[in-house]
Amino acid sequence: MEWVNFTTTSAATRTDTTATLATIGDISTDVHMAIMSFYFYFLWPTLIGLGVVTNLMAIIVFVDMGLHDSVSISFLALSIADLLYLLFSSVVAVTAAIGIQPWQSGLTIHVYFLGGYAAWYEGLFMETAMGIIAYISLARCCCVAIALKFKNTFTVRRTLVIIGAILCLAVVTRIPLLRTTGLYWYTNPANNITRLFAYFNEDFNAKKEVHDIINRTIFPNVLLIIVFICAIILTHTLIVAARTRREMTGKVTVASHNHKKEKADLSLQTNQTGEKKAAEESRGQTLSGKEIQVVKQVTAVAGFLLLAVFVLSVNSIAQVIVPEFMSGRRYKRLYNVTVGFGSSCCHLNACVNLFIYLRFNRRFRQVFIRLFTCSGAKQT
């Protein structure tokens with residue numbers, strides 16, 4: 001997510017903007033500030049606060065369950081990445097809310113630039129979380145669609161290595177850009193006030209363009225394609241599994257009603273054995289109840305990611321097609337609003353996973369009840 005300028009404009013600029021609104025296609029300053037205030041003071045604090053609490057709970061539950069399989073480790077890593085993303089998001093949101101206030105100019109720290117610096121690390125963990133979800137979706141897709149080839153591929157050790165590689169990739173692609181910016185103390189000779197500012201080297205703009213192409217255009221769209229394809233395959237698998245179970249149940253029911261009392265005991269026993277064998281063969285070709293719940297859990301998590309990544313991808317593509325659709329340029333207010341909406345989708349994606357785990361993971365639900373409810377405490 002890019003740090004954008006949400007500061008107010010002068011009255012002259014506001015009048016000029018209103019007069020030429022139909023020509024330039026940007027939104028008015030009043031509408032812009034109303035929407036951004038809704039983001040700053042209601043929606044983002046609610047989502048971030050909820051997300052911090054839910055991810056902390058999920059981390060505690062996964063650790064208590066024991067990290068014995070790749071699925072639990074993957075979802076634990078996702079909860080940690082989401083938590084770090086939301087913590088840096090809280091820094092960005094708070095500094096942005098303070099940065100638009102006129103009284104902040106008297107502070108020793110220029111909070112607007114401080115928040116912008118924190119935004120790079122917010123994006124780092126957001127991309128890490130996206131990569132982890134893409135890996136989870138791909139792993140489940142392979143284990144379900146081509147089970148014989150990938151049954152023992154995604155081990156605990158390999159999962160840890162892949163998650164570490166995702167984090168390293170997100171860090172490495174950001175290092176060139178982070179080396180061009182930093183924080184420094186600046187004393188204004190006019191009023192002799194020293195404040196903490198951010199600095200940008202002369203290479204910042206060039207490296208930012210490369211960073212945006214890789215991290216905000218290629219990376220999100222590749223993840224979008226991977227997760228979308230995996231979600232389709234997993235959804236199709238669920239539909240086939242449900243149909244197979246219904247057909248298997250129907251065959252057994254019809255066969256049981258067609259038994260005739262006048263048949264010899266030996267003949268009846270032979271029919272029942274054949275039916276049992278056919279049912280077992282059908283059951284072997286479908287998913288178990290536990291596997292179905294895991295697939296549902298992964299599909300739900302992937303669905304929320306698809307929403308967030310789709311909004312980010314549309315924003316990135318719009319920037320490429322319309323260069324003026326950017327902070328500080330012709331369509332800056334419309335850009336700020338759409339980026340804020342994308343941030344809201346990312347916050348939502350980072351805070352709903354606990355409820356998905358509770359819905360589809362029976363063991364997670366049992367441990368959660370034991371740890372965080374009064375009934376669980378009484379049973380303990």
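Modeller: UniProt annotations may be inferred rather than shown by experiment, and their positions are given in the numbering used here. With that in mind, the unreviewed UniProt entry places the feature "transmembrane region" at residues 38-63, 75-100, 120-148, 160-177, 218-241, 298-322 and 334-358 of this predicted model.

Biologist: What share of residues 218-241 is helix in the model?

Modeller: That span is 100% helix and 0% strand, and its end C-alpha atoms lie 34 Å apart. Residues 160-177, for their part, are 89% helix and 0% strand, with end C-alpha atoms 27 Å apart.

Biologist: Why is N349 called buried?

Modeller: The word applies under 20% relative accessible area, and N349 has 7%, so N349 counts as buried. This residue is found in helix α12, which covers residues 332-351, and, not counting residues up to four places away in sequence, N349 touches I133, V301, F304, L305 and A308.

Biologist: Which residues touch the most other members of the largest nonpolar core?

Modeller: That core has 78 residues, and those with the most contacts to other members are F62, F75, L78, M130, I132, Y357 and F364. Helix α5, residues 111-145, gives the most to this core, with 15 residues. Leaving aside neighbours within four places in sequence, I132 is in contact with S74, A77, L78, A81, I163 and I166.

Biologist: What is the mean pLDDT of the chain, and where is the pLDDT below 50?

Modeller: The mean is 78, and 79% of the residues reach 70 or more. Over residues 259-268, however, the pLDDT is below 50, and this stretch has 5 contacts in the model beyond near neighbours in sequence. Residues 270-285 also have a pLDDT below 50, with 10 such contacts. Because pLDDT is the predictor's confidence in each residue, on a scale from 0 to 100, these values describe confidence in the prediction.

Technical notes: Residues are numbered from 1 along each chain as its sequence is written. This is a predicted model: local features need pLDDT of at least 70, side-chain atom pairs count only at pLDDT 80 or more; totals for chains, interfaces and linings use all residues. Side-chain values use heavy atoms; hydrogens and water are left out. A nonpolar core is a set of buried Ala, Val, Leu, Ile, Met, Phe, Trp, Tyr and Cys residues joined through side-chain atoms within 4.5 Å. Buried means under 20% relative accessible area, exposed over 50%, partly exposed in between (1.4 Å probe, protein chains only). Helices (H or I, at least four residues) and strands (E, at least two) are DSSP runs, numbered from the N terminus. Contact means heavy atoms within 4.5 Å.
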